[in-house]
Amino acid sequence: MDQKGYRRGSFQSATSDEDMLEIAGASMDFSMADDDPPLDREMGGFSSYNGGGMNGTSTMMDFLEEPLPGVGTYEDFNTIDWVREKSRDRDRHREITNRSKESTWALLHSVSDAFSGWLLMLLIGLLAGSLAGLIDISAHWMTDLKEGVCLAGFWFNHEHCCWKSNTTFTDRDKCPEWKSWSQLILGHGEGAFAYILNYFMYVIWALMFSLLAVLLVKGFAPYACGSGIPEIKTILSGFIIRGYLGKWTLVIKTITLVLAVSSGLSLGKEGPLVHVACCCGNILCHLFTKYRKNEAKRREVLSAAAAAGVSVAFGAPIGGVLFSLEEVSYYFPLKTLWRSFFAALVAAFTLRSINPFGNSRLVLFYVEFHMPWHLLELVPFILLGIFGGLWGAFFIRSNIAWCRRRKTTRLGKYPVLEVLVVTAITAILAFPNEYTRMSTSELISELFNDCGILDSSKLCEYVNDFNSTKGDDLPDRAAGPGVYTAMWQLALALIMKVFITIFTFGMKVPSGLFIPSMAVGAIAGRLLGVAVEQLAFYHHDWAIFSGWCSQGADCITPGLYAMVGAAACLGGVTRMTVSLVVIMFELTGGLEYIVPLMAAAMTSKWVADAIGREGIYDAHIRLNGYPFLEAKEEFSHKTRAMDVMRPRKNDPPLTVITQDTMTVEDVETIVTSTTYSGYPVVVSRASQRLVGFVLRRDLIISIENARKKQDGIVSTSVICFTDYCPPLPPSSPSVLKLRSILDLSPFTVTDETPMEIVVDIFRKLGLRQCLVTHNGKLLGIITKKDVLKHIAQMANQDPESILFN
Amino acid sequence: VLFPQAPRMFAQSSQNSASPVLLLVLLGCVLCPPAQASKSSEDIRCKCICPPYRNISGHIYNKNVSQKDCNCLHVVEPMPVPGNDVEAYCLLCECKYEERSTTTIKVIIIIYLSVVGALLLYMAFLVLVDPLIRKPDPYTQPLHNEEDSEDTHSLAAVPTLAGARANTVLERVEGAQQRWKRQVQEQRKTVFDRHKMLS
């Protein structure tokens, strides 16, 4: 019976949809007096509070009252109250089920309400898949635009331009319709001058793309920069960031992601695709009342949308769901599992039907070989795991140091200049080496590729002995000169990528991390693979090789080493476990390589964890001071609730509101003189017995509304939080009843409760604050921020770095 | 999606249960053309790559056949080796069926370029033209203003004054645009100036 006031909150038919859209998508107020837009609008048809001196049974009256719009919503940069949202949803559901027996229309309404979740997932999948297709096709085209243009139709990239013409076997990439810039301008493509012109055009295009990207981000949607996954993790744990998942952020992020990827910077598009998919989810939530008005339900939808995002990035629906479960989501009820899978599947299917790569594959670097591997190869795979772990730890440390420098020094004042300088350096260093000139996805695709007879790339220039070839099976061969050139070029590319990614991730353009780390791992893996292959070829009589790798057999697959290396490096940076292995084996389409992948992923996680505990996303959360309560860490200190609660021993006593003795003016003074987000309500100051908890935002909205709309509410009116208000002399002004905004079931712990249990309660229930009692009397309050500061203090980190509320 | 007030108007004008259906229909119309893209004869092919064999050089053969017929025997014409060698030669060749949709590519690239162009024009308008139009009004601020939040209070005064006046479409567009600009300014301050987020 207590939550009626909140239950009614979901049936606000008197207010227009417009208000709710504004609240959920727009307001960024930091000042408390400016709680517009809800109060700006004309509230026609709004029933006023029954303010008169009647102390009638208010239970029936509460039913008829409709709470104000704005009550029950949250301010920006605040944490939601999970318990309240969940109970609101249960009440709403109960109401609909009860009503469904009354009429056919109500029955239809209840059926459509149950079905709305699935319809929403379908829409999210469609939208996410279409946007991913748009991003893929545009990025592919714009990357090739740096090198040349297609005369048969400027919208074709290199591969599609040469589709129809007859290419020769030796010159598979050249066709008359595709002209490089020097060919277009000078008329010929050879010679030093042509090379310099190509170089120059490449750098100019790269600078133009990145300049456009950073200007669009700065001008239209500053929230569109960065990867997005740390902020989405925080949002899914209950934090509110208005505008982060809005329509402008969606548009700008999609557009600038293509520009950033095409400019040749060392970044990927997987992380930003998760952000794009979550924006789609948030925007589509506005169509359904059930999700628009309830923040907890909305976060379930966002978890599913994140799964759809990863699914289209890698063509891995199962991997996407596991990624959402492991990395991104905070509360993941089982119902969400099935719906996330559905959304991921629909997204993958939509992308497949758009067919961006022309071969019905969703990713450029899909692996199609199924060569067997030998148990002894686990040794190099574990070596790759160790390399991945070391690189991951190194990358996290240096990237966080650089981002911290960007945050605190003058470097952060010149974001546009920073982007331009980094792009210029990347482009100038990348052009001479053909392995850095091509886009990173193409590089990974080439490294994953197993060399067959038909491959003409430098990496596959082995010494061929045609007389002994039988069909398509090539034995291990000696490396030709092409392979040696490719090896040192790849080594240079590795060094360049390792260092440039540190400065690229975190810039003010959308930047992802997955592709660059996979590239680093793939290069390292391929180098090791070719080394092992040559070792096996030249020393096939050694004991370790003679058993299984005789001369003329095809035993070592360098492409597999590249794949394992990619998985190891990605695992070392993000500390993903199950989701990484599942994504990688969905990429390869088979279960043969599960054991090497798992070995490498586990090794890299252990090595990286030994050096530093956090993955890159958790490190960024800590750097920015988001109020994210880590769900995986154990709290193992022996402190008690009284050590953490406020007020401390020397502080002024807790600011409370009494249930029926304070006037409007008193409450307003309290609210203006303090900045707490909520106040406990007690029976009286002497007894300090707890009645409930009231939120600051609800108080402000209700009092302001009462002053405007209700008769007789003046500064000396008494505020009454109970059902039965004490009788007052007839000459006194009418009583303001605020029973409906009071939460009658706040969580309490005693002061002797160990902090382990308190932290567990906060995590499991998603609390914002918890009251502390002693012998039944209210003693203090613990907020989530206090818990976070305490954890930081115990871990010897800086407790002042926890920002926000 | 370019005008911030458009989705609001859309939401205003449609009921709760009708709008998801409407959106579904819209999405279907948008997705249908690419999905059923004209399977013109130029867009399907079977590509066979045959490596050098004995004294025959490597060659690439393209032919427009269905996926069932995409193999060496149907595509490689004229066959460069005599009859008894055909099987050995074909074992070396690799045939792949490829399909693409030129319409989809063209449509998507053109959509993308037009969105980028529209955004650039809007940015140019906001930076260059808007301050000139709004010069007589002392309360408004130019877009790239990095000053303190005292300005937001003066900006907040304007909508409440204007709120009493006619709610014409133009006024609402103005109000929405002002609100959006304030929002972007706040976001810019949080991210770029105070470095509170997204570093």
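Q: What does the accessible surface of chain B come to, and how much of it belongs to carbon and sulfur atoms?
A: In this predicted model, the accessible surface of chain B comes to about 11,100 Å², and carbon and sulfur atoms account for 62% of that area.

Q: And how much of chain B counts as buried?
A: Chain B has 199 residues, and 39% of them count as buried, where buried stands for a relative accessible area under 20%.

Q: What about contacts in chain B between residues that are at least 24 apart?
A: If you take the contacts in chain B that link residues at least 6 apart in sequence, then 57% of those contacts join residues at least 24 apart.

Q: Where are the domains of chain B?
A: The domain assignment places domain 1 of chain B at residues 43–100 and domain 2 at residues 104–132, and the centres of these two domains, taken over C-alpha atoms, are separated by 46 Å.

Q: OK, switching to chain A: how is that one divided?
A: Chain A is divided into domain 1 (123–354), domain 2, which is made of the pieces 375–412 + 440–463 + 473–624, and domain 3 (641–795). Taken over C-alpha atoms, the centres of domain 1 and domain 3 of chain A are separated by 47 Å.

Q: Which residues are closest to the centre of the largest cavity?
A: Its lining consists of 32 residues, and the closest to the centre are Thr143(A), Val261(A), Ser439(A), Thr440(A) and Ser441(A).

Q: Which helices give residues to that lining?
A: The elements that contribute two or more residues to the lining of the largest cavity are helices H5 (104–145), H17 (415–430), H18 (434–437), H19 (440–448) and H20 (481–504) of chain A. The largest share, four residues, comes from H5(A).

Q: Which domains does the lining draw on?
A: The lining of the largest cavity takes at least three residues from each of domain 1 and domain 2 of chain A.

Q: Last one: how many of the lining residues are nonpolar, polar or charged?
A: The lining of the largest cavity divides into 15 nonpolar, ten polar and seven charged residues.

Conventions:
Residues numbered from 1 in each chain as written. Chains lettered and ligands numbered in written order. Predicted model: local features only at pLDDT ≥ 70, side-chain atom pairs only at ≥ 80, totals over all residues. Heavy atoms only, no water. Buried < 20%, exposed > 50% of the residue type's maximum accessible area, 1.4 Å probe, protein only. Contact = heavy atoms within 4.5 Å. Areas by Shrake-Rupley, 256 points an atom, 1.4 Å probe, with all protein chains shown as cover. 1 Å grid on protein atoms, 1.4 Å probe; cavity = no way out; pocket = protein on both sides within 12 Å on 5 of 7 lines; lining within 4 Å. Nonpolar A, V, L, I, M, F, W, Y, C, P; charged D, E, K, R; others polar. Domains from an automatic or database assignment.
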